Amino acid sequence: MMFWFDHDVSGWGWFAMSVGMIAFWALIITAAVLLFRALGRATEPTRSPAAPSPEQLLAERFARGDIDEEDYRRRLDALRASGPPTKH
């Protein structure tokens, strides 16, 4: 108790300590949230969008007006006659 009253902290000292404590805890909480999000993303499998099928591509071309109905039907019949695509 020798220095109990010798080192008095003024009002600005209390203010600085309060702001420092709030900033400290804000930094700790922000770091924890960012770490939690980063670890959550790392375990999530990356999904690539599935490639559209040839029939879907053909339907899109028909919808855009690139090909007419006769050409669409002819190409669709050719696709269906050839069977499912094989992987090499």
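A residue counts as buried when its relative accessible area is under 20%, and as exposed when that area is over 50%. The exercises below apply to a predicted model.

**Exercise 1.** Determine which residues of helix α3 are buried and where they lie around its axis.

*Solution.* Begin with the helix itself: α3 has 14 residues and spans 20 Å between its first and last C-alpha, close to the 20 Å expected. Its buried residues are D71, Y72 and L76. These cover an arc of only 130° around the axis, so they sit on the same side of α3. On the other side of the helix, E70, R74, D77 and A81 are exposed. Finally, the cover over the buried residues includes α2.

**Exercise 2.** Classify the ring pair formed by F62 and Y72, and state which helices it ties together.

*Solution.* The ring centres of F62 and Y72 are 4.7 Å apart, and the planes meet at 20°; since planes under 30 degrees apart count as stacked, this pair is stacked. F62 belongs to α2 (residues 54-64) and Y72 to α3 (residues 69-82), so the pair ties together parts 10 residues apart in sequence. As for accessibility, Y72 is buried at 14%, whereas F62 is partly exposed at 32%.

**Exercise 3.** Classify the ring pair formed by F24 and W25.

*Solution.* The count of aromatic pairs is two. For F24 and W25, the centres lie 5.2 Å apart and the planes stand at 75°; because an angle over 60 degrees counts as edge-to-face, the pair is edge-to-face. F24 is partly exposed, with a relative accessible area of 44%, and W25 is partly exposed, with 48%.

How values were computed
Residues are numbered from 1 along each chain as its sequence is written. This is a predicted model: local features need pLDDT of at least 70, side-chain atom pairs count only at pLDDT 80 or more; totals for chains, interfaces and linings use all residues. Side-chain values use heavy atoms; hydrogens and water are left out. Rings of Phe, Tyr and Trp (its six-membered ring) pair if their centres lie within 6.5 Å; planes under 30 degrees apart count as stacked, over 60 as edge-to-face and the rest as tilted. Buried means under 20% relative accessible area, exposed over 50%, partly exposed in between (1.4 Å probe, protein chains only). Helices (H or I, at least four residues) and strands (E, at least two) are DSSP runs, numbered from the N terminus. The expected span of a helix is 1.5 Å times one less than its number of residues. The arc is that of the directions from the helix axis to the C-beta atoms. Contact means heavy atoms within 4.5 Å.
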